[in-house]
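Please look through the following briefing with the sequence and the structure side by side.

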2 protein chains.
Amino acid sequence: MPLVVHKYGGSSVADAEKIKNVASRISAVQKSGTGVVAVVSAMGDSTDELIDLAHSVSGQPHPREMDLLLSTGELVSCTLLTMALSDLGHEAVSLTGSQAGIHTDTSHGRARIDRVDTARMQKELAEGRIVVVAGFQGITEGEDITTLGRGGSDTTAVALAAALEAGRCEIYTDVDGIYTADPRVVPEARKLDEIGYEEMLELANYGAKMHPRSIELGAVYQVPIYVASSFNDTPGTLIHGNPDEKQPEEKQMENRIKVTGIACANNVAKITVRSVPDKPGMAAALFEPLAQSGISVDTIVQNTSEDRTTDISFTVSGDDLTAALAKVEELTREIGAGGMVSETNLAAVSVVGSGMQNTPGYASRMFRVLADGKVNIDMITTSEIRISCIIREEEAQEAVRLLHRGFQLDEPE
Amino acid sequence: MPLVVHKYGGSSVADAEKIKNVASRISAVQKSGTGVVAVVSAMGDSTDELIDLAHSVSGQPHPREMDLLLSTGELVSCTLLTMALSDLGHEAVSLTGSQAGIHTDTSHGRARIDRVDTARMQKELAEGRIVVVAGFQGITEGEDITTLGRGGSDTTAVALAAALEAGRCEIYTDVDGIYTADPRVVPEARKLDEIGYEEMLELANYGAKMHPRSIELGAVYQVPIYVASSFNDTPGTLIHGNPDEKQPEEKQMENRIKVTGIACANNVAKITVRSVPDKPGMAAALFEPLAQSGISVDTIVQNTSEDRTTDISFTVSGDDLTAALAKVEELTREIGAGGMVSETNLAAVSVVGSGMQNTPGYASRMFRVLADGKVNIDMITTSEIRISCIIREEEAQEAVRLLHRGFQLDEPE
């Protein structure tokens with residue numbers, strides 16, 4: 001029997017009616033003769049409510065406890081969906097991350113999947129059951145519960161699709177695919193029929209509402225990921241191996257702009273370490289301990305100066321700022337730097353496109369569009385298929401709109 | 001280091017402030033040099049909310065799924081209490097039923113504990129940690145989550161106290177001990193300083209807000225159980241091996257009334273199977289399948305009649321009525337009985353006391369009190385230390401008040 005992995009986000013299972021709707025959708029697939037493993041996120045805002053609850057009892061909740069607490073959100077939605085499937089006459093079974101064999105490392109709050117032991121899932125599938133798996137969570141060798149971080153259910157779904165060798169992974173959410181920009185910000189944004197893993201990874205890393213690690217996993221295991229709405233049957237977006245390669249030669253030769261979309265990540269914070277001694281090993285001395293503390297550093301800029309010292313600036317998620325500052329203050333003393341300053345309420349706007357690397361002029365065009373819009377650029381960073389500018393958060397939406405228009409993404413292909 | 005097991009009910013952990021209060025209480029015990037294992041129930045009404053949620057997606061939620069769903073309530077309170085303890089500077093760790101090694105049979109919704117594997121708890125205690133265990137839940141050999149039934153956290157606590165050989169088990173709740181009757185119904189009810197396991201078992205079986213199985217376990221393993229309020233330091237009630245035996249001889253000879261308390265169980269339903277053939281094996285043919293379906297039958301009364309058939313009446317919890325009726329309807333046909341009728345909105349009022357069995361006249365006194373109060377008795381059942389009458393639920397509170405006064409329980413000992 002063919003097998004598909006579905007993933008339903010929090011907004012798709014936000015209440016009883018929506019859960020029953022999801023059950024109907026899964027039921028139709030199962031009845032058509034395809035086995036289904038469904039991965040679910042926690043209902044609506046319930047994860048945020050659990051986080052608030054934790055902060056109401058503790059100034060700094062212990063990460064291990066936070067993980068066990070947050071894992072309950074997915075258990076609730078997972079059992080409810082299973083009950084709804086039973087009510088439709090299906091044999092269905094809910095599995096916790098542990099029961100589904102999702103083994104992770106011990107990095108609470110941002111655990112990574114080591115391996116998936118599919119024995120229990122295979123057994124349930126072989127007995128004709130629909131398997132409903134609690135997303136976002138796993139278990140360590142020491143049998144402690146871990147979570148994979150915000151949006152981790154996407155990664156659960158792709159990991160299960162890879163481990164079970166399912167035909168594809170379908171991510172159902174409250175938007176009907178991947179757009180050239182956030183449609184709430186840019187009303188004329190266009191939906192993409194398909195997109196390559198690499199471009200999608202850049203979009204996800206820079207603001208699109210998907211877990212970047214799920215895209216990475218999809219690329220490594222070549223799992224096609226289909227993103228669509230759980231509320232209607234509008235065709236969605238297929239994320240798969242470089243779609244450009246499959247396009248007819250003429251299209252490649254059109255020499256038109258190859259930008260795929262505009263992404264925007266809010267809640268960016270910037271830390272600058274001043275007067276760092278200008279000698280080898282300083283960057284490593286700074287960033288290794290941060291990485292070991294589990295703090296993800298994004299953009300890094302180093303400005304040389306004249307007095308044999310240098311300033312190093314970098315961005316982190318606003319959520320990590322307090323932890324990062326505590327660590328950096330310590331490191332500043334250790335490496336003999338002059339001091340540190342931080343800035344919050346920044347955003348990263350990015351122009352992403354797989355055709356960009358072969359054609360000059362994208363960066364200058366981006367800067368021109370922002371300059372014409374009087375948006376000040378704080379930092380710049382580029383990859384082969386992305387150019388990002390750090391700007392003030394309050395100007396981010398306008399910047400996305402300007403760039404979407406500036407790169408003619410509103411014009412049909 | 002001496003060890004104590006605490007259990008905190010839902011009302012004691014109903015919100016952040018109450019959880020912090022519980023953390024302070026545990027903290028004081030730990031600081032005094034006694035190790036603590038704390039068992040917690042779900043916050044306030046959260047179990048009821050989860051049940052409502054289940055019924056909003058499914059007409060008859062699958063028991064396996066219901067168990068996994070309900071188990072999350074205790075995980076939430078358990079992690080929150082652990083966070084609050086960490087904030088007070090303690091090393092604390094939360095354990096799920098599974099992590100705490102609570103192995104049960106597979107009777108979802110009313111699982112019984114087979115054994116407790118204390119290895120993980122012992123390890124955490126040896127490292128000086130306060131161990132916080134999610135009550136009410138366990139795990140089967142097949143690694144499915146089970147729950148122990150309403151009030152099961154009491155049983156978890158006593159089982160852990162027995163397995164860990166703790167000095168005693170302290171049950172903290174929103175009342176400050178065991179009373180001669182429910183103080184909300186009988187304002188002049190008196191708190192008992194101590195009570196024997198057997199009497200407490202009868203009180204618990206017939207309405208006192210404790211899990212009867214916890215008392216059974218306490219009696220078997222001789223774990224002293226102390227019941228007190230988590231909101232104040234008023235002395236509570238100690239449940240232990242026959243306290244009467246320890247009383248001075250004079251007290252035994254006082255020939256005063258030996259009734260300990262009046263219990264009342266609401267939500268009782270009665271099923272009568274009519275015209276059952278009057279031959280051997282009929283009761284077994286009826287009650288064995290009910291037991292196998294996990295339906296607890298309480299009072300059973302068989303009325304012989306003249307035409308070689310008999311009526312068999314019995315009571316079940318109102319919650320089990322639908323399931324029981326479905327089963328009984330089937331059995332009625334199988335055994336060739338005449339039919340069945342059911343009645344709901346009944347209550348069982350009981351007079352309980354360890355001295356009763358040696359002294360005649362308690363039953364007749366009970367019936368007289370009820371008769372004087374114009375309370376009609378539907379069924380009667382007795383044990384060595386209890387007399388129960390099934391009456392209409394709407395008359396139950398008045399009956400409890402009448403009996404409390406009638407047996408002079410309002411007079412100081």
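In which strand of chain A is A:G196 found? A:G196 belongs to strand β10 of chain A, which covers residues 194–196. The model discussed here is a predicted one, and every value below was computed from it.

**A glycine in strand β10**

- A:G196 has 20 other C-beta atoms within 10 Å, and because a residue counts as buried at 20 or more such atoms, A:G196 is classed as buried.
- Although A:G196 and A:H240 are 44 residues apart along the chain, their C-alpha atoms are separated by 5.2 Å.

**Helix α6 in both chains**

- In chain A, helix α6 spans residues 197–205, and nine of its nine residues are buried, so this helix is largely enclosed by the rest of the structure.
- The buried residues of α6(A) are A:Y197, A:E198, A:E199, A:M200, A:L201, A:E202, A:L203, A:A204 and A:N205.
- In chain B, helix α6 (residues 197–205) is likewise mostly covered, with nine of its nine residues buried, and among them are B:Y197, B:M200 and B:L203.

- Helix α12 of chain A runs over residues 396–406, and because eight of its 11 residues are buried, it is largely enclosed by the rest of the structure.
- Those buried residues are A:A396, A:A399, A:V400, A:R401, A:L402, A:L403, A:H404 and A:G406.
- Around them, the packing partners in chain A are β13 (261–277), β16 (339–352), α11 (362–372) and β18 (386–392).
- Just after α12(A), the backbone at A:Q408 takes a positive phi of about 55°.

**How α11 and α12 of chain A pack**

- Two packed helices are described by the angle between their axes and the distance between the axes.
- For α11(A) and α12(A), the axes come within 9 Å and cross at roughly 130°, and the two helices are therefore oblique to each other.
- The crossing in which α11(A) passes α12(A) is right-handed, and the contact is made by A:R365, A:M366, A:V369 and A:L370 of α11(A) together with A:A399, A:L402, A:L403 and A:G406 of α12(A).
- Sorted by class, the residues of this contact between α11(A) and α12(A) are six nonpolar, one polar and one charged.

**How α1 and α3 of chain B pack**

- Helix α1 (residues 16–31) and helix α3 (residues 63–87) of chain B pack at an angle of about 60°, with their axes 9 Å apart, which makes α1(B) oblique to α3(B).
- Here too the description includes a handedness, for α1(B) passes α3(B) in a right-handed crossing.
- On the side of α1(B), the contact is made by B:I19, B:K20, B:V22, B:A23, B:I26 and B:S27, while α3(B) contributes B:L80, B:L81, B:A84 and B:L85.
- The residues of this contact of α1(B) with α3(B) divide into eight nonpolar, one polar and one charged.

**How the two chains are related**

- Chain A can be laid on chain B with an RMSD of 0.1 Å by a turn of 180° and a shift of 0.0 Å along the axis, and the two copies are thus related as by a two-fold rotation axis.
- Of the residues of chain A, A:T72 comes closest to that rotation axis, with its C-alpha at 2.6 Å.
- The same surface serves both copies, since 100% of the contact residues of chain A recur in chain B.

**What the chains bring to their contact**

- The contact between the chains takes 27 residues from chain A and 27 residues from chain B.
- On the side of chain A that touches chain B, α1 (16–31), α2 (46–57) and α3 (63–87) each supply at least two residues, and α3(A) gives the most, with 13 residues.
- By class, this side of chain A has 13 nonpolar, 10 polar and four charged residues.
- Across the contact, α3(A) and helix α2 (residues 46–57) of chain B pack at an angle of about 35°, with their axes 8 Å apart, and their crossing is right-handed.
- This helix pair meets through A:L80, A:M83 and A:A84 of α3(A) and B:L53, B:A54 and B:V57 of α2(B), and the residues of the contact divide into six nonpolar, no polar and no charged.

Key. Residues are numbered from 1 along each chain as its sequence is written. Chains are lettered from A and ligands numbered from 1 in the order in which they are written. This is a predicted model: local features need pLDDT of at least 70, side-chain atom pairs count only at pLDDT 80 or more; totals for chains, interfaces and linings use all residues. Copies are superposed by least squares on the C-alpha atoms of residues with pLDDT of at least 70 in both. Two residues are in contact if their C-beta atoms, placed from the backbone, lie within 7 Å. A residue is buried if 20 or more other C-beta atoms lie within 10 Å of its own, exposed if 12 or fewer, and partly exposed in between; C-beta atoms are placed from the backbone. Helices (H or I, at least four residues) and strands (E, at least two) are DSSP runs, numbered from the N terminus. Ala, Val, Leu, Ile, Met, Phe, Trp, Tyr, Cys and Pro count as nonpolar, Asp, Glu, Lys and Arg as charged, and the others, Gly among them, as polar. Axes are lines fitted to C-alpha atoms, for helices over the stretch in contact, and angles run from 0 to 180 degrees between N-to-C directions. Angles under 35 degrees count as roughly parallel, over 145 as roughly antiparallel, 65 to 115 as roughly perpendicular and the rest as oblique. A crossing is left-handed if the near helix is turned anticlockwise from the far one by less than a right angle, and right-handed if clockwise.
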